[in-house]
Amino acid sequence: MSKIPVYFMPGLAASSSIFERIQLDDSVFEVCLLEWEIPLPKESLSEYALRITKKITHPNPVLIGVSFGGILVQEMARHINARKIIIISSVRSNLEFPKRMKIGKTTKAYKLIPMQLLLNVEKLAKFSFGEKINKRIKLYEKFLSVRDLHYLQWAVESVILWDRNQIDEKVIHIHGDQDDVFPIKYIKSCIIVKGGTHVMILNKYKWLNENLPLIIQEPLKG
């Protein structure tokens with residue numbers, strides 16, 4: 001029996017090392033890690049997704065994406081046949097965006113985000129923003145791999161302007177009830193992880209290691 005190919009896509013600007021604690025039985029699954037690439041000039045999210053699918057070498061893979069990576073794998077599935085699409089700490093349509101993101105789209109306020117400051121997390125780490133934010137900055141310091149201004153501007157705009165307004169019910173959504181980026185109150189239907197935050201791929205890995213194999217192998221409903 002051949003192994004099930006599982007491709008993981010990290011969150012915005014993150015490296016695939018965010019999956020370092022995820023362990024799937026290698027006698028059953030073949031794990032492949034995808035990385036972000038610098039977008040081409042004026043490349044749309046759909047065009048970018050098509051380009052990333054060229055990295056996939058197995059037929060009918062399982063696609064798993066975290067946060068913006070969850071949005072991307074849904075776009076990738078427009079171009080290839082996927083056995084299953086699983087998103088973690090993400091959204092299945094722009095209807096699940098929090099109000100601040102919807103306002104950001106209308107006002108174009110996202111263009112005012114100081115991207116250069118976000119890129120230089122070492123400088124941010126010198127300031128004290130409180131324990132919670134400092135912990136998050138330390139995580140960014142470790143896992144942020146794409147330090148490219150064009151990528152960051154493209155990625156933020158791609159999220160805010162994502163045009164999918166209908167949920168694909170076949171997409172399996174795993175979400176933490178403490179997610180502060182995509183609050184649970186805006187999420188329509190998902191597998192809820194109690195105490196899970198937006199970075200639960202790192203700190204709820206035990207739950208994921210226990211449940212992901214079952215979720216991957218469970219037959220799709222309908």
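1. Ring pairs join Trp-36, Tyr-48, Phe-68, Tyr-151 and Trp-154 into a cluster, where rings of Phe, Tyr and Trp (for Trp, its six-membered ring) count as a pair if their centres lie within 6.5 Å. By this rule the count comes to eight aromatic pairs.

2. A word on the basis of this note: this is a predicted model, in which local features need pLDDT of at least 70 and side-chain atom pairs count only at pLDDT 80 or more, while totals for chains, interfaces and linings use all residues. Residues are numbered from 1 along each chain as its sequence is written, and side-chain values use heavy atoms, with hydrogens and water left out.

3. Within the aromatic pairs, the rings of Trp-36 and Phe-68 have their centres 5.0 Å apart and their planes at 10°, so the pair is stacked; planes under 30 degrees apart count as stacked, over 60 as edge-to-face and the rest as tilted. Trp-36 lies in the loop between β2 and α1 and Phe-68 in helix α2, 32 residues apart, and the pair thus links distant parts of the chain. Both Trp-36 and Phe-68 are buried, a term that means under 20% relative accessible area, against over 50% for exposed and partly exposed in between (1.4 Å probe, protein chains only).

4. Helix α2 is mostly covered, with nine of its nine residues buried; helices (H or I, at least four residues) and strands (E, at least two) are DSSP runs, numbered from the N terminus. The buried residues of α2 pack against β1, α1, β3 (62–66), β4 (84–88) and α7 (149–160), contact meaning heavy atoms within 4.5 Å.

5. The axes of α1 (residues 45–53) and α2 (residues 68–76) come within 8 Å and cross at roughly 80°, which makes α1 roughly perpendicular to α2. Axes are lines fitted to C-alpha atoms, for helices over the stretch in contact, with angles running from 0 to 180 degrees between N-to-C directions; under 35 degrees counts as roughly parallel, over 145 as roughly antiparallel, 65 to 115 as roughly perpendicular and the rest as oblique. On the α1 side the contact includes Tyr-48 and Ile-52, which, with others, meet α2 residues including Phe-68 and Leu-72.

6. Ser-15 is found in the loop between β1 (4–9) and β2 (29–33), and this residue is buried, with a relative accessible area of 11%. Leaving aside neighbours within four places in sequence, Ser-15 is in contact with Pro-10, Glu-35, Phe-143 and Ser-145.
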